[in-house]
Amino acid sequence: MTDAPTIGTPLSGSATRALLLGSGELGKEVVIELQRLGVETIAVDRYADAPAMQVAHRSHVIDMQDASALRELLLDEQPDVVIPEIEAIATGVLAELEEAQEWSLRVAPTARATVLTMNREGIRRLAAEDLSLPTSPYAFVDTYEELEAEASRLGWPVVIKPVMSSSGHGQSVVRTPEELPAAWEFAQTGGRGSQTTRCIVEGFVDFDTEITLLTVRHAGGTTFLDPIFHRQVDGDYAESWQEPAGTAWPWLAAAQEVAGAVTGALGGWGIFGVELFISGDEVIFSEVSPRPHDTGLVTLVGQDVSEFGLHARAVLGFPVAVTRWPGGCASWPVKVHGEGVPEFAGLPAAYAVDPSVQVRLFGKPRVDGERRVAATLARGASADEARERAKAAADALTVELR
Ligand SMILES: Nc1ncnc2c1ncn2[C@@H]1O[C@H](COP(=O)(O)OP(=O)(O)OP(=O)(O)O)[C@@H](O)[C@H]1O
Ligand SMILES: NCC(=O)N[C@@H]1O[C@H](COP(=O)([O-])[O-])[C@@H](O)[C@H]1O
Ligand SMILES: [Mg+2]
């Protein structure tokens, strides 16, 4: 792909082809945006009938952590752009193929960015040690004995996370030494299938609030979106919202500086979800996704172009601009526990909450354990009003597993 890209016609020799690695709810929205731009889309994930597969031109099921399977697929498809969507990918293959340029391949935002962020160690060392950004105190451990030593050095409570995981998988807050063995066990079994025992152990940050600062690097420069506030439960997002457009924050300039430094170091084009803790006026870097962020689902109602549309435009090489809905907006994820195929009821009641309510049913084929299967979205005059509406809409939905 050149710096001034053209878009071909899908399924023809001129097609512009985008291949998603990871095809969950976030990828589904990216594929919809790419389809609107006439891009041929190929959705890949570890299981069949994943959400993005249901809207893409075609799909493949492979173990994305298997380097040879991934290499074989990419050589076969030869996409113009690869869009990583999840944290469990053999990213070394992306770096190898981007470097080799056997065909004109770009990885969004860059192969190096995906390598560095796929593993918590890469991005944490880049931010804290190379860029000298404030982070929680941390250590990396490979054994239970190392964990014990580092946790007591850092001081309680500590947060333990597998180096390859997301959405809180395998993550726990440990308040006393007695809780440590169970947390180690959870980290070993609960991650996203990494082949290592390695974990990060972090000192607990007693923040006032936490935000995702969506940052778009694109052909026209770098654009910071309005902060997205969120509340997390067990390491996974439980609610996110944007305050009315134009709200001023004393820490915003510092937050943009941190986001600019991290995304600048990662480089390339695309959207980044920069996760920051705010404590007083202090901004502490937590982590960054070089792709759309789950808390950014709120942009589906808060902006004229959502984070998914912005990612699609940026990775294709186009400049972006954003207009905000002037009021508040909110998203509320729907998670279910159990086993079976989801069946949803209560949509009329959810829509009756407010005309601004929107519902996304992701279409995940089944649930085994706990899984996010839907989200509700709403607007309001204030963020609080939007949050109440999004929650009320989610409460009105019922999910049966059959
Ligand atoms: N050191 C810390 N101190 C206090 N809270 C923390 C710390 N690390 C993580 N958390 C809490 O846990 C949440 C999830 O952590 P983190 O983002 O690292 O996990 P994740 O698995 O990558 O989640 P996601 O994929 O949803 O971003 C954070 O948003 C924050 O609320
Ligand atoms: N915090 C990261 C995040 O929200 N990622 C989103 O969740 C999907 C995996 O869901 P699953 O575990 O239900 O398959 C991913 O594919 C992505 O869309
Ligand atoms: Mg996170």
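Colleague: Which atom of ligand 2 does a polar side-chain atom of Arg-372 lie 2.9 Å from?
Modeller: An oxygen atom of ligand 2. I call that a polar contact, meaning a pair of N or O atoms within 3.5 Å; within protein, one must be able to donate a hydrogen and the other to accept it, and residues adjacent in sequence count only if both atoms are side-chain atoms.

Colleague: Good. Before we go on, what should I know about the model and numbering?
Modeller: This is a predicted model, where local features need pLDDT of at least 70 and side-chain atom pairs count only at pLDDT 80 or more, while totals for chains, interfaces and linings use all residues. Residues are numbered from 1 along each chain as its sequence is written, chains are lettered from A and ligands numbered from 1 in the order in which they are written, and side-chain values use heavy atoms, with hydrogens and water left out.

Colleague: Back to ligand 2, then. What does Lys-364 do there?
Modeller: One of its polar side-chain atoms is 2.7 Å from an oxygen atom of ligand 2. Ser-167 has a side-chain N or O atom 2.8 Å from a nitrogen atom of that ligand.

Colleague: Which residues reach a nitrogen atom of ligand 1?
Modeller: Glu-202 has a polar side-chain atom 2.9 Å from a nitrogen atom of ligand 1, and a polar backbone atom of Gly-203 is 3.0 Å from a nitrogen atom of the ligand.

Colleague: Switching to helices: how do H3 and H4 pack?
Modeller: Helix H3 (residues 91-100) and helix H4 (residues 111-118) have axes 8 Å apart, at an angle of about 165°. H3 is therefore roughly antiparallel to H4, a label for angles over 145 degrees. Axes are lines fitted to C-alpha atoms, for helices over the stretch in contact, with angles from 0 to 180 degrees between N-to-C directions. Helices are DSSP runs (H or I, at least four residues), numbered from the N terminus.

Colleague: Which residues of H3 make the contact?
Modeller: Thr-91, Gly-92, Leu-94, Ala-95 and Glu-98, against Ala-111, Thr-114, Val-115 and Met-118 of H4. Contact here means heavy atoms within 4.5 Å.

Key. Helix = DSSP H or I, 4+ residues; strand = E, 2+ residues; numbered from the N terminus. Parallel < 35°, antiparallel > 145°, perpendicular 65-115°, else oblique.
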